[in-house]
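Here are my notes on this one, point by point. Have the model open while you read.

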Amino acid sequence: MERIERHASHGGSQQVWKHTSATVGCEMKFGIYLPEAALRGNPCPVLYWLSGLTCTEQNFITKSGVQRYAAEHGIIVVAPDTSPRGNDVPDSPDYDLGQGAGFYINATQAPWATHFRMYDYVVSELPAIIEAQFPASNVRSISGHSMGGHGALVIALRNPDRYRSVSAFSPIVAPSQVPWGKKAFAAYLGDDQDAWKQYDAVELVGSASERLPLLIDQGSDDEFLGTQLQPQLLRAACEKAGYPLQLNLREGHDHSYYFIASFIGEHMAFHAKALARCRTE
């Protein structure tokens with residue numbers, strides 16, 4: 001582990017670290033915001049943030065303004081890169097496949113299977129590192145944007161015992177049914193569409209064993225709303241399964257970080273409530 005950035009922010013410290021990952025077989029980076037309580041050595045709950053296509057750990061930590069709210073609520077925020085990277089990691093000329101487009105799954109197909117194991121990295125390896133190296137408790141929530149929103153939903157639905165709440169901005173809720181997901185899943189998982197279902201939130205809601213607090217914000221002017229995102233499919237699946245969902249359609253907002261920065265405070269308050277409740281139980 002090597003710290004490569006450190007910036008004072010709202011009484012805490014925004015840092016970036018790199019480490020060699022056994023799970024994805026390359027060097028990985030993650031951003032971590034440590035609020036003042038954590039800097040004093042007091043264990044704090046953790047929010048994991050998963051970013052979208054083409055992003056690195058930098059987009060969220062520099063554009064969202066999350067540090068103000070993380071400081072207010074005493075929450076550590078961890079934002080990993082979106083995929084493995086490096087000269088030995090396979091890539092594609094397309095922005096929606098390969099490096100920068102890990103889709104938070106465990107690939108099974110060549111040439112992707114060796115490195116593209118972001119599901120295991122986010123669920124297991126990264127939290128183990130955070131909880132061993134920083135004053136972080138094992139009380140966790142998860143959130144994300146677009147492809148990262150897909151990842152957050154899938155990971156929370158498959159691992160409800162590991163998280164206290166889940167939220168997303170503009171998530172890909174039904175990747176098996178939209179162009180981004182179909183392309184990535186065919187490449188990473190092959191043609192067996194039954195294998196795709198384990199990484200599809202709409203498919204997973206029906207068999208969810210627990211009901212985590214779930215919040216989604218979607219912009220009405222998002223250019224990908226009708227083609228790639230289609231939140232109405234998740235709403236219908238949640239209604240059928242009796243899974244509580246708070247879905248906000250935000251008028252005039254698009255797919256950008258201007259949208260995320262506008263409502264990240266509400267999402268942090270949502271997670272803080274769930275995390276605080278669990279600390280007192």
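1. The chain has 11 helices and nine strands, where helices (H or I, at least four residues) and strands (E, at least two) are DSSP runs numbered from the N terminus. Keep in mind that this is a predicted model, with local features needing pLDDT of at least 70, side-chain atom pairs counting only at pLDDT 80 or more, and totals for chains, interfaces and linings using all residues. Numbering starts from 1 along each chain as its sequence is written, and side-chain values use heavy atoms, with hydrogens and water left out.

2. On overall shape, the C-alpha trace spans about 50 × 45 × 35 Å along its principal axes. Of the 281 residues, 59% count as buried, meaning under 20% relative accessible area with a 1.4 Å probe, protein chains only.

3. Have a look around Phe 103: leaving aside residues up to four places away in sequence, its contacts include Leu 53, Met 147, Trp 180 and Tyr 188, a contact being heavy atoms within 4.5 Å.

4. Helix α3 (residues 66-73) buries Val 66, Gln 67, Tyr 69 and Ala 70. These sit on the same side of α3 because they cover an arc of only 165° around the axis, taken from the directions from the helix axis to the C-beta atoms. Just after α3, Gly 74 has a positive phi of about 70°.

Conventions
Buried < 20%, exposed > 50% of the residue type's maximum accessible area, 1.4 Å probe, protein only.
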